[in-house]
Amino acid sequence: MNAPFNARAASLRDPFTAFVCDDATADLLRPVAVEHGWSPEKVNKGGLRNAVQTLSVSASPSILFVDLSESGDPLSDINALAEVCEPGTVVIAAGQVNDVRLYRDLVASGIQDYLLKPFTADQLRDAFANAQMIISGPRVTETAAERPNVTAAVIGVRGGVGASTIASSLAWLMGDKAGRSTALLDLDVHFGTGALALDLEPGRGLTDAIENPSRIDGLFIERAMVRANDRLSVLSAEAPLNQWILTDGSAFFQLQEEIRHAFEGTVIDMPRNMVVQFPHLVTDVNVVIVVVDFTLAATRDAIRVLSWLKANAGQAKVIVAANKVVPGIQEVSRKDFEHSIERKVDILLPSDSKAAMQAAKLGQPLAKAAKTSKLSQPLNQLLALALEQAAAAEEAGGKPAGGSLLGKLGNFKSLVAKKPKATVAQTA
Ligand SMILES: Nc1ncnc2c1ncn2[C@@H]1O[C@H](COP(=O)(O)OP(=O)(O)OP(=O)(O)O)[C@@H](O)[C@H]1O
Ligand SMILES: [Mg+2]
């Protein structure tokens, strides 16, 4: 039952057969089977006993539903079933015994799922969806979490600085270049571009998660994440604009948790208003990439965001990335910017409108579409730095650093005072 799946053999099988013990279960099963395109006649009576007899003389189906209600010793009967059941069959069992030890033993003997009677049509649909996922391909959880997860949050200090562009590129590079199974979690619930940037439909996963945080578990993640390629999946939303997001943030936190277990890399596109509302969203990230541009407004807000991060994400390493840099045409020079924020800018990403437009047209992350652009090298540098800093953050165990916000805002004020009103252009 739990032997490696053979797709060719499976194509010759019945997709589904059930052996149930009572009419109520048969009546529940038949319409759900029909929904899946399976014949209602495949719902047989006779429970496990009949299943063993029938399968000893006929081919096993792809999905086998078996009712254990009349079985005196479910575990040994399941083992009898395993003797006659061909490898690759996904078995869903149902029964009346509510005992976690039995459940564990059944799972250990190759049962995919155990539904406690009475169960609902929705529970059944979930079990079938899971079974179909197993049949159709490798599961996220099977390939994932070989290496400890690295979580990077990307926060733009102002709107439009390119935080989402950088988040999708970093996630793509983390999968493609660093070879990590990676999840892009786009927390811009109304206006997110995580899926759009990868030419995907966002699906309902993120909205469902917000509406029902209690449903978020490994299986939920497996179903809700939309795959961009073998190494990159995305969770994003385009929530209707008349729909206020009612959440205390726990859904986002739980999503981070589950994604951490299922993937080797997480990149969170974290809108800055989200962190203001839900500061706990940054308490477990390893690296925060603060995206800025060289403007006065971004200077002020970089100071505030960096100071906020010190207070709220002391465990994280911070990388400052300046985007859309046009040497010689900046409101604030790099030198003045660095003086104001009292630290260096780590990565400079030049402005390249052509590459950005090309990426949007192709529905590809900038890092993929702009391999020959001047953005390619700094984006790769950002990936390397993010992975390096994540390792350093892990090692340090996260020690918050000091610093005074007032002092830094003082530097900013002097920068504004020093600025000649007529000239805004300075060298970056
Ligand atoms: N280095 C760059 N050169 C040129 N254009 C860029 C660059 N980086 C991003 N852009 C473009 O800037 C625009 C805004 O980018 P993006 O949506 O990533 O910003 P954001 O900070 O996430 O915005 P929002 O505040 O709406 O979330 C996009 O059209 C994007 O293609
Ligand atoms: Mg954005």
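This is a predicted model: local features need pLDDT of at least 70, side-chain atom pairs count only at pLDDT 80 or more; totals for chains, interfaces and linings use all residues.
View 1. Local features need pLDDT of at least 70 and side-chain atom pairs 80 or more, while totals for chains, interfaces and linings use all residues. Residues are numbered from 1 along each chain as its sequence is written, with chains lettered from A and ligands numbered from 1 in the order written.

**View 2. The shell around ligand 1.** Of its 19 residues, Gly159, Gly162, Ser164, Thr165 and Ala356 come nearest; a residue is near if its C-beta atom, placed from the backbone, lies within 6 Å. At least two shell residues each come from α8 (163-176), β12 (317-325) and α15 (353-362). Helices (H or I, at least four residues) and strands (E, at least two) are DSSP runs, numbered from the N terminus.

**View 3. Inside the largest nonpolar core.** This set of 88 residues joins buried Ala, Val, Leu, Ile, Met, Phe, Trp, Tyr and Cys through C-beta atoms within 7 Å. Buried takes 20 or more other C-beta atoms within 10 Å of a residue's own, all placed from the backbone. Helix α8 gives the largest share, eight residues. Val154 is one of those with the most contacts inside the core, and its partners include Leu170, Ile268 and Val291.

**View 4. Helix α13, residues 296-312.** Among the buried residues here are Ala298, Arg300, Asp301 and Leu309.

Definitions and conventions
A residue is buried if 20 or more other C-beta atoms lie within 10 Å of its own, exposed if 12 or fewer, and partly exposed in between; C-beta atoms are placed from the backbone. Two residues are in contact if their C-beta atoms, placed from the backbone, lie within 7 Å. The expected span of a helix is 1.5 Å times one less than its number of residues. Lists of a residue's contacts leave out its neighbours within four places in sequence.
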